[in-house]
Amino acid sequence: MATELFEYPVRCHCGKVKARFKCKKENGKVVAWDCNCSDCFMRQNIHVIIPQKNLVVDADVDLEESTTLYLWGTKTAIRRFCKTCGVLPWYCPRSNPDGYGIKVHCVDWTDGGKQEAPELEIRKFHGDNWEETIKILGKGVTDLSKE
């Protein structure tokens, strides 16, 4: 039986960086991760992890032109901030370089009032101790970006 995917729009504050993404629900809820690594903690990053193929950037958005690339540490996580408003609506997380982390506060969960917003289940990821946390959670996190 195929897993049902639900589609939502995501964008930066000014709307220049925008896309649509699909995610699944687990027990009727969208699962999001609250990471406390130094970067996520400062940005209050709570995100939903999806496979790369489940994000479609709007055709009129040129990411190279409209965003600023930020890499640090292992340079595995790829972050692109809007050059106009500075908001990062999605990124490639270190835990899932084959996927995207969609920032929950950048999502219009009702899609302009067309649907009811889903319930979010927030899970903790202790990114301040990244290596140990990924060993403990393992495939529970890394498989989220797989098809």
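This is a conversation about how to read several features of one predicted model.

Colleague: Happy to start. What should I know about the model and its numbering?

Modeller: The model is predicted, so local features need pLDDT of at least 70 and side-chain atom pairs count only at pLDDT 80 or more, while totals for chains, interfaces and linings use all residues. Residues are numbered from 1 along each chain as its sequence is written, and side-chain values use heavy atoms, with hydrogens and water left out.

Colleague: Thanks! Let's begin with strands. Which strands form the open sheet, and in what order?

Modeller: Strands (E, at least two residues) and helices (H or I, at least four) are DSSP runs, numbered from the N terminus. Two strands pair if DSSP finds at least two bridges between them. Here 3 strands make an open sheet in the order β1-β2-β5, with antiparallel pairing. β1 and β5 (55-57) stand at the edges with a single partner strand each, so one side of each has no neighbour in the sheet. Neighbouring strands of this sheet are turned by 20 degrees against each other on average, direction ignored; the axes behind such angles are lines fitted to C-alpha atoms, for helices over the stretch in contact, and angles run from 0 to 180 degrees between N-to-C directions. The β2 and β5 pairing covers 3 bridges, and Arg20 stands opposite Val56 in β5.

Colleague: Which residues touch the most other members of the largest nonpolar core?

Modeller: A nonpolar core is a set of buried Ala, Val, Leu, Ile, Met, Phe, Trp, Tyr and Cys residues joined through side-chain atoms within 4.5 Å. The largest one has 22 residues, and Val10, Phe21, Leu55 and Ile102 touch the most other members. The elements giving two or more residues to this core are β1, β2, β3 (29-35), β4 (46-51), β8 (90-92) and β9. There is also a second, separate core of 13 residues, which includes Val31, Cys37, Phe81 and Trp130.

Colleague: What does Phe21 contact?

Modeller: Contact means heavy atoms within 4.5 Å. Leaving aside neighbours within four places in sequence, the contacts of Phe21 include Tyr8, Val10, Leu55, Ile102 and Trp109.

Colleague: Some of those are aromatic. How many aromatic pairs are there?

Modeller: Rings of Phe, Tyr and Trp (its six-membered ring) pair if their centres lie within 6.5 Å; planes under 30 degrees apart count as stacked, over 60 as edge-to-face and the rest as tilted. By this rule there are 4 aromatic pairs. One of them is Tyr8 with Trp109, edge-to-face at 4.8 Å centre to centre and 65 degrees between the planes. The pair links distant parts of the chain, 101 residues apart: Tyr8 in β1 (residues 5-11) and Trp109 in the loop between β9 (99-103) and β10 (119-125). Tyr8 is buried at 2% relative accessibility, as is Trp109 at 12%. Tyr8, Phe21 and Trp109 form one aromatic cluster.

Colleague: Where do charges sit over rings?

Modeller: The test is that NZ of Lys or CZ of Arg is within 6 Å of the ring centre and within 35 degrees of the ring normal. Lys25 lies over the face of Phe6, 4.0 Å from the ring centre. The charged end of Arg43 sits over the ring of Tyr91, 5.7 Å from its centre.

Colleague: Last one: which residues have a positive phi without being glycine?

Modeller: Most residues other than glycine have a negative phi. Asn27 has a positive phi near 55 degrees; Asn27 is in the loop between β2 and β3 and is exposed at 75% relative accessible area. Asp111 has a positive phi of about 50 degrees; Asp111 is in the loop between β9 and β10 and is buried at 11%.

Definitions and conventions. Buried means under 20% relative accessible area, exposed over 50%, partly exposed in between (1.4 Å probe, protein chains only).
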